[in-house]
Amino acid sequence: MVISQCRPDALGDKLDWIIDQAQSIQDAPDQGENRRMPCGVFALDNRHILAMPRDNGDSRYPYGRDGMNFWVYASGYIHSNEGLFSHFMRAANGQEPNISFFAGLPRTTDSNAPDNFDPVPLLPVPNITNKQAAAFQRYTVLSSTAAYFITASQTLRFAVRIFVARNKDICFSITAENLGGEDQPLYLSSYFNPFLRHQIFEGSEDPWFKQINTLEHDGDTTNNGPPPPQGFLVRVNEDVDRTRSASNWGIFRRAFATGQPPQDSRYEQTTARQAYVGGTRGSLHTATALTHGTFGKSIPVCTFTDSAIAGDITHLTLKPGERTRLDIVFSFTNSDSRAKQLSTQPIDHVEVDSQLATLERDDHHRHSTLSVSIGQTEPGVLQPRVFDAFVEHLKRQVEFCSLIKGYVQLSPNSLIGIRDVCQAIEAMSSWRPQPARDKLIEALGFTAPDGRCFRQYSLPPGNGHAGRMDLRPFIDQGVWVISCVVSYLKLTGDFGFLDEPAGYHRIVDEDSGAAAPANETDSVLDHLFKIMRYLLDHRDHGHTGCIRALYGDWNDALDGLGVSMDPSQAYGTGVSVMATLQVYQNCLEMIDLLNTTDPKLHAKRIGAYQQDADAIRQGLQNFAIATNDQGEKRILHGWGDRRSYLVGGFNDPDDTARDGLTSNAFWVLSGMLEHDPELSQVILDAFDRLDGKYGLLTFNPAFPPDVRGVGRIGKLPPGTAENGAAYIHATAFAIMALFQMGQPKRAWEQLLKILPFTPGHDNLSHSPFVMPNSYGHNPELLIDGQNMNDWQTGSSNVVLKTLNRFVFGFEPTFDGLWIQPAGWAPFKNFTATANIRRCEVRLTSHTNAATDRAFTINGEPAESIFDPTMGIDKLWIPPQALTEKSLDILIES
């Protein structure tokens, strides 16, 4: 039987390239070394990651768009949601997956023998062991647009490609190729257990309201009966509210690349899980249909009495050298008429490939305006190909964090954090300004009319009600909004943004997280004024003049400083030094902004902000620096109500001297160090005491349990998360501070510790090609380099901003652009491109024997300016130069 004489699809060419790349890494170890990351992961190029099987963690990539989170793991697990609506539920490690594909190979020549087949999973889960499955090698390739699973032996090769189209259709392509010299009988089988409900957990009654039908069910198809059905129709009923219910539809459509099922093939379907796995005690790990090669009989409809699934088996024979391809497209809708239309609409493999090609072009276009490449690295420190690939995936990580629409972690509290999204938007503004602008408007709308920014928000669920909010008054939320807007304006010059209208939300019930849209709209600039007023109103006016912590600051695990000693008051006068430094920085940012836009109109506000900044600076100098009997100084993390205890000084509430990282870092980043340059060594000494195996620690030593006044942080095991671990978000703040202090070698020492692809990260729990959120280290608890999470973490945006601003040196201001690459890096050459105010600025840097740094712009020598703090020569680009279409800048040193 000839299914296809050639390979008429783009998928075949991509698979050949992937297989050749993987083979070259296996055959030539030196070729693999320059692309190697930890944990059996390799950078095939800047957009394709090869992941070999591992049992000590997992890599993953998010696909989907516009709020749809479609996660594909190298282990083969897949889950998907959009807000609270889950298409496919997440399965815990070891549990039965909700999406699976299999091949089946005959054990004997007797096709009628029971248990005649060895199933071979085409995804790494479920883990099924048998003699024939053991002969296959597996690996996964995660690209920026699609995932590829390869399962290959000497005589057979299978592949599964998965991606999400622009219209949110989920596309699966399965190929089988006979590499041997004889005919190969086999089957291909797919298993889908869709959820299609606005829930994040499955309840015992949910199967009652799900029904799956085959698209055609004209009779038994076990023996060359009527033409095989073309897929499945899923209907899930759920209540919208007390008076309304709705149906959510899912449509599985399938087709072979030839347009017809293979000649002499045999196709079966079932809609009942028990028929697939073999009864109530069965599972995909031991599915009887896979060993029998048949469901026994067709079950064209299932609801209520069993868990409805979409399962099929196609028997076929491949001749030597043949490859066949099966495509399955899953669409979903809440429209009855649209579901009916889709159920009769054929699919075509050429169109499927075309949709992926569109995604690939869009992906390249979205990320092309910010690019970097390094060369001639220090031996054993960085591999250029790996570093360049990491930056590409890091951009996509920042984009993902910027544009989320909530419930990424599939938990009730996984909302959209104001501080999180604003930091990500600030970084994404450097290459995707329009989406950054749009998301900023959205985030600003979750400000109360008094200027209080919500801690977290969620978007309206579509039932006429507001989404769920986290209204705990963490004081730092507004500071990130101010800094984000200022950075966006410096990067883009889009001052018209300040006049854009934005709404507000009023707080209905703080304890329950209830809020509603307020009948009030004004400009972005007015929002900034109100946010500043809220922040400044929450100073400890009666004593220190610093910013009260309220519920907490950025380090939300240390949430006890704001507790009041007066039981009748929710919050006392406890202070966050980090937040105080940030509000000081906000005052300077607002002064700079108003002087740029209309200093005459805003003269009164400028003067008021300057007075506030001076008062805050005085408060910090008077109260935020602890001194012991030997005259040694430390910058405090904060203090409790009425300054009854100090944290991050020489005598914390547990009678321990302790350093905190973020207050030291923000003493630099806020500009306070300019007024207290003698504190430089104090900060560097603190960084030395905070140094750890995986980077600078958030606190050292860690807090033991039940320390008075610090909150829940002591409940975390020492050496994990914020409690004495390298919580990378904070570590990255300090790295940025080191660059700003003119300490590039010390900054790079720490940067190399936190980058997940560098040597020493063999115990990573997650993806080594994007930033994790932390590295745990506690040998007594057998913790050594594992981490909590990847992808959705603020460490990504701080690392990217550090690379842009200090490693490659793009530092925009309201008045122009500084080019300021750090004075040292573990590589000698680099190229970098960024769009600043629509001008494409291209940097080329060479390090040679010259002692002085020299610049040329478009081939003409340019005079540099020495920065005594950073210890480097910098180049100033005036605003008129940025009106050019492009600038080519050469840096030689």
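First I wrote down what an axis is: a line fitted to C-alpha atoms, for helices over the stretch in contact, with angles running from 0 to 180 degrees between N-to-C directions. Helices (H or I, at least four residues) and strands (E, at least two) are DSSP runs numbered from the N terminus.

I also noted that this is a predicted model, where local features need pLDDT of at least 70, side-chain atom pairs count only at pLDDT 80 or more, and totals for chains, interfaces and linings use all residues. Residues are numbered from 1 along each chain as its sequence is written, and side-chain values use heavy atoms, leaving out hydrogens and water.

**Entry 1, two helices.** I looked up helix α7 (residues 384–403) and helix α8 (residues 418–428): their axes come within 8 Å and cross at roughly 135°. That makes α7 oblique to α8 (under 35 degrees is roughly parallel, over 145 roughly antiparallel, 65 to 115 roughly perpendicular, the rest oblique). Who touches whom? I found Val398 and Leu403 among the α7 residues in the contact, and Val421 and Met428 among those of α8 (contact means heavy atoms within 4.5 Å).

**Entry 2, a sheet.** Next I found an open sheet of 4 strands, ordered β38-β39-β45-β44, with antiparallel pairing (strands pair if DSSP finds at least two bridges between them). β38 (810–812) and β44 (865–867) are at the edges with a single partner strand each, so one side of each has no neighbour in the sheet. I got an average twist of 35° from one strand to the next.

I checked β38 with strand β39 (residues 817–819): they pair in the antiparallel sense over 3 bridges. Glutamate 811 has tryptophan 818 in β39 as its bridge partner.
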